[in-house]
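Biologist: I am new to this structure and would like to go through its rings and surfaces with you. Could we take it one question at a time?

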Amino acid sequence: MPFATSRRLRLAAILALGGCAPEVPAAPPRIAEPAVGLRGPETIGRLPDTKVFDATLHARLDEAVHRIDGRLQLRWHNRSAAAVDHIPLHLYMNAFRAEDTAWMEAGRGRHRGVERDDARAWGYVDVRRVTRNAPADARAAALESGTSGIELAFVEDDDPTLGRIDLDRPVAPGGSIDLDIEFVTQLPEVFARTGWSGPFHMVGQWYPKPGVLLADGTWKAHVFHFHSEFFSDFGDFDVHLDLPPQMIVGATGVLLDEVLDGERKRQHWHADMVHDFAWAADPRFLEYTAEHDGIRIRQLATPEHAWSVDAHLQAQRAALDTMQRNYGQYPWSTITIIHPPKGAEGAGGMEYPTLFTTSAVWQVPWPARVVGFSERFSGVFTTVHEFGHQYFQGLLASDEFSQPWLDEGMNTFSNVLVLEERDGPDAWLLRAGGLEMSGRDFVRAAVRDNALLQPVDQDAESFDPVVGGYGDIVYRKTAATMLTLRNLVGAERFDDALRTYALRYRFTHPTGADLEATLVETLGQTISLGQADADDPSTGAVTLDVGEFLDQALRTTRELDVRVHSIVNRDAAGERGWHRNESGVLIEDDGSESEPPPPEATVVVQRSGEFVVPVEVEITFADDTSVTRIWSARRRVGTLVFPGRRVARVRLDPAGKLLLESHRLDNHRVAPGMRVKDGLSGGLANLAEAGAWAAFVGFGP
Amino acid sequence: MSTAVRSVIGAWRWLIGWFVVAWIVAMIAGAGVRAGVRAAPAEFVRPDDRILAAWLELLQLHPDIAVAAMSGWLASALIAASTTALIAPGLLVRLGGETRLSAVAARWASTLWPQLATTLWNWLLRVALLLAVVTSVGEFSAGLTAALLAAILLASTAALDIGRAAVVLHDAPGTSMRCTVAAFVALARHPKRAAVLVGLQLAAWAFAVLGFALTMRSAGEDIWPMRLAGLIAIGLGAVRLRLASDAGPLAVATGNP
């Protein structure tokens, strides 16, 4: 085939398939690096005194073998009431050291759909030497012996993701210690959050990280389990990176200084009041910067993802607006979004202080676009979600091992609000033709089956990937819980309560108990949802017990499910028959002189799940008028009687407040004999018919 | 082309008959789903506007409804393929200008078996080619794989039209695989005709996709655009058959394969 013809055909094929490569957008003028890591006190107020350490990290990347020679100089303060004789270290990178680590054993080399094949290189962190600066009284001796400090014993635990430094002398309460830790980190070929892929390096959880010392002197440090994320104290970082000159780097904090030194590039990064330091490097990165509300937004994307940076920027702006209003000012001066390149998808969707990795926006194939399919899951939602973690774990630094719902679940809840504020109350995440699924729909769809396997409030280790359900339980059931509570008590009231929590516990380690106590304190233990019958004060108020609600939702597997059991329209009891008169004589009433009995409707509602929560009941009568009642649902079955009326249909939870409810279809019932289109069978039958037509055309004429 | 269209319009009763067959098949597929939904143990009324969420819940609770839909689609595809094979000989004769029912019936009866045989050979070859592409996963990009699959389906259909026309109108030996091969060769030798046949098939697909998209966009409320698209696609199929008959007899060597 002639070359020109071949080229024309190829071009036509590419155009026909909609496979045109999107253009790489030109970068707007670069926003300068902020001079300081934190925004000014006039914006973010006074920071609480919760800093535990000052860390200086030196890291030299050998990009050919993906190895980092590192040194951590740590000044650690004992802020507890007890003396400390050892310091546990998290060595998260060792999860990827062998098949028999706790992490690898649980996941069997598979994480979020990305598989670690045998060809992928392992990773590890190896602590080579730990010393501490000699105390004043021994400094002279130490200098004389030619050592810079006193060597300390370091041992790994049974699982290599934990280690322990034994101190030669305790650190008293209020005291501090200067540690010098030399280590080597071999990055794995990325499939779960961290590692390398070609020239791309995502360097997260890469250095030895001390555990968290609680006020009573007990350490919180955990083996890195499959579903677990991380837990650390706040501190300041000065990080000195030694890199190949072509590397473009995104990192936690701000870049203070960069020097090209022969064949290497040296950068000095600084971050204030963060609990982790991560960085990414790739010579292919294109840089896009913008500014929003005084915060520098920096995106680093390889060319194949550059076309989508504007979508991520808009998502980031929306997230900043909503999160700042709901949970207080974002305290840092910068946020960096890393777009992992093709092949490094496993690094996507992970949060670190002032930096996160997002996922690529999916280019929907044209046949799907033709039938009206579009989605906001990929890319946009990831950016909203990962930025949300700057609050729910970055600022409210809960223990992700012990209570993962506090960051993942609360964050998912906040993401729904971001999208609703940006795109309207019914913001869709997925659209297929005229059909839409909103964030709330997805949250609701997840609270069946898997979400009922285990309670929410458990540590990460309790969620076995073989059993499944972690995402539905921790992310979406928590979100459903908070959205349901917000719907019941009112958005403004709930948002105020959560804002109180966010402001009260920023830069600390709040627990679930702290969150629940704040909600109960600000919302009240019990909340009146209104009269059971608004027209009849004698029916009394129906109340919601906030503590009981949270307890059921978070610490039980009770299913919230209510249904309309039946609608009975019949005549009221008449008076025909024999009755005694005033004189005690039996007299027959044959009905010839009395009115026929009036109609009477009885609605029977049922709580089919164990979860107790008040439910609104909307009753529509035969004359098309309707009333709403509130049913406490304390008892399994409730009856509502309407003398003189005939009921046409009944809907439970008509406003859709109970996102925790597992099954909604049986919330609706039409009275027997009432001819009402069911609204489901027609549409589905027509779609099935349309599919059959398409199949006929495809295989027939 | 205009002659072909006029021939097809002249055979409108055939088209309507074919359309009715397709409609009945599609309606049965829809009726199965309708019955499945109504048999689900609840009395639904449209739950606000979150119809997709409601469908999702329904299908999670009653996956048999999805099975019913898929069975309907599969049955529709099979019935489409077999009715086309049954109708094609008579339609080809009718499109050739023969209006006497007895003559059409006689030709239909005498060529049905070789026409079915050439259909079978074509489908065997088509499946073999499709399998060859599908089992080469990883060799080609997803886009190229889709393009190859579509190209195989389009070329096979056009070749089948040519083969059928040659068997019915020119007594080509349909029972021989060589007839099928000769139809592909004839298709390749006349790129212009091939482009027209493939274009008509693509247009039929496009109408089907458009009709389905419109039904989707209306959340299943509007089915008539899909039915109309089906009728147009059937008409385009008939025009394609008529144009394929212009290919004339095939150069098929005698003897068994």
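The questions and answers below turn to aromatic rings, a helix and a surface patch in this predicted model.

Biologist: How many aromatic pairs does a search of the whole structure find over all chains?
Modeller: The search covers the whole structure and takes in every chain. Rings count as a pair if their centres lie within 6.5 Å. Over all chains, the number of aromatic pairs found is 36.

Biologist: Which parts of chain A does the pair of Tyr207(A) and Phe237(A) tie together?
Modeller: The rings of Tyr207(A) and Phe237(A) are 6.0 Å apart centre to centre, with 70° between the planes, and the pair is edge-to-face. Tyr207(A) is buried at a relative accessible area of 4%, and Phe237(A) is buried at 1%. Because the two residues lie in elements that are 30 residues apart in sequence, the pair ties together the loop between β12 and β13 and strand β16 of chain A.

Biologist: Is Phe377(A) buried or partly exposed?
Modeller: Phe377(A) forms an edge-to-face aromatic pair with Phe381(A), at 6.4 Å centre to centre and 70° between the planes. These two are four residues apart in helix α7 of chain A, and therefore separated by about one helical turn. Phe381(A), with a relative accessibility of 18%, counts as buried, whereas Phe377(A), at 31%, counts as partly exposed.

Biologist: Which residue has its charged end over the ring of Trp123(B)?
Modeller: In chain B, the ring of Trp224(B) has the charged end of Arg227(B) over it, 4.6 Å from the ring centre. For Trp123(B), the charged end that sits over the ring is 4.1 Å from the centre, and it belongs to Arg126(B).

Biologist: What accessible area do Trp12(B), Ile16(B), Val20(B), Ile24(B) and Ile28(B) have together?
Modeller: Trp12(B) has its place in helix α2 of chain B, which covers residues 12-39. With a relative accessible area of 46%, Trp12(B) is partly exposed. Trp12(B) forms a nonpolar patch on the surface with Ile16(B), Val20(B), Ile24(B) and Ile28(B), and their accessible area together is about 470 Å².

Methods: Residues are numbered from 1 along each chain as its sequence is written. Chains are lettered from A and ligands numbered from 1 in the order in which they are written. This is a predicted model: local features need pLDDT of at least 70, side-chain atom pairs count only at pLDDT 80 or more; totals for chains, interfaces and linings use all residues. Side-chain values use heavy atoms; hydrogens and water are left out. Patches are made of residues with over 30% relative accessible area and no salt bridge: like charges are joined within 9 Å, nonpolar side chains (Val, Leu, Ile, Met, Phe, Trp, Tyr) within 5 Å. Accessible areas come from the Shrake-Rupley method with a 1.4 Å probe; for residues, only the protein chains shown count as cover. A salt bridge is a side-chain nitrogen of Lys or Arg within 4 Å of a carboxyl oxygen of Asp or Glu. Buried means under 20% relative accessible area, exposed over 50%, partly exposed in between (1.4 Å probe, protein chains only). Rings of Phe, Tyr and Trp (its six-membered ring) pair if their centres lie within 6.5 Å; planes under 30 degrees apart count as stacked, over 60 as edge-to-face and the rest as tilted. A charge sits over a ring if NZ of Lys or CZ of Arg is within 6 Å of the ring centre and within 35 degrees of the ring normal.
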